[in-house]
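This briefing concerns one protein model and is arranged by topic. Please consult the sequence and the structure shown below while reading.

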Amino acid sequence: MNAILAFLSVSMFAVVTAWSDDAVSFTFGTWNIAHYSCGKTYPSNISPADLPKYISNYEDFLNRADVSVLGVCEDSWFCDAAGSVTAREKIFPRYSGAANERNRPFDYNSLYWTNAVCVASGRRMFKKATEPRFYRWARLIVSGREVMVVEAHLDWNITLPGYEDARVRQIQELIDDFKNERCVVIGGDFNTSRMLPDGKTEIDVPGDYEAFRAAGYVGAHWGTIKTWPAAKPFLTIDNIFAKGLRISEVRTLTDDTLSDHALMCCRLTFDDGGKSVAIAKPSYETLIAHRGESYDAPENTLPAYRMAVERGFGFE
């Protein structure tokens, strides 16, 4: 790639932590991929002629991130402008499992994983939002340990009358929905910024993160790592929070020809060194793949079965 046209960076951030040699850990990342719009706007504007180049660039970028579980905001079912190539097949082939679905609105979230087994997955809409916003969740078994993984995309347009507290409410929903979980990681684009009355100046508001700290979460940062816009970041809106896990090796990777957000990743280590922990049953809905994934493939067929397995559904 022409170095003049691309802004590439990798940043490392120190997080003090320690654990025993037998501790169980895995790597996690969160990235607002901006609908494969090359850091511009929605939807994808990747032409068929440019698609091989961009697939290669995404592959290289994700290989550099090298995380076993990845949450993606502003994902899309198709990664090309023609709507003929699925992102699952071409952008994320390194991952053996996924929690995503076709025909979602603009604020689409996905989860991808490898070296893990999915027990269940689904999504939940936020109760109060200016747009149809939701979080994606997946209950994974990683090295014999159970962990709830969540990818969320919160409101940014909180200046609309009646929605001033929408983002704060969404953060509290996340905290309340997973209060009974022993091990949970929540990544995403939290949009912790505010537009000033002039309608042009946007300021960082990392204080919104404090609700997670008060609820016992640890964070990849508390307003110190700038992730947007990718070329010259000044907002700290992308983050990772964990409960029952320790965070270390926090870093960001940036390529503003792929997304206007930095990818943030870290290592997550189970607090108890890998011992078995009983997990309370969550209170959200469960999705059922009836006769396979019959929404996107003919029911009772091998394609429907394979698609359901890829999206993390179990079978009874």
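Helix H3 (residues 166-177) has 12 residues and should span 16 Å at 1.5 Å a residue, which agrees with the 16 Å between its end C-alpha atoms. The expected span is 1.5 Å times one less than the number of residues. Helices (H or I, at least four residues) and strands (E, at least two) are DSSP runs numbered from the N terminus.

The model is predicted: local features need pLDDT of at least 70 and side-chain atom pairs pLDDT 80 or more, while totals for chains, interfaces and linings use all residues. Residues are numbered from 1 along each chain as its sequence is written, and side-chain values use heavy atoms, without hydrogens and water.

**Helix H3**
- Its buried residues (under 20% relative accessible area, 1.4 Å probe, protein chains only) are Ala166, Arg167, Gln170, Ile171, Glu173, Leu174, Ile175 and Asp177.
- The cover over these buried residues of H3 includes strands S6 (117-125), S7 (134-142), S8 (145-153), S9 (184-189) and S10 (193-195), as well as helix H4 (210-214).

**Valine 67**
- Valine 67 lies in the loop between helix H1 (51-65) and strand S3 (69-73), and is buried, with a relative accessible area of 4%.
- Beyond four places in sequence, valine 67 is in contact (heavy atoms within 4.5 Å) with Thr27, Phe28, Gly29, Arg94, Tyr95 and Cys265.

**Confidence**
- The average pLDDT (the predictor's confidence in each residue, from 0 to 100) is 84, and 79% of the residues score at least 70.
- Residues 14-21 have pLDDT below 50, and this stretch has 12 contacts beyond near neighbours in sequence.
- Residues 273-285 stay under 50 in pLDDT, with 33 contacts beyond four places in sequence.

Definitions and conventions:
Buried < 20%, exposed > 50% of the residue type's maximum accessible area, 1.4 Å probe, protein only.
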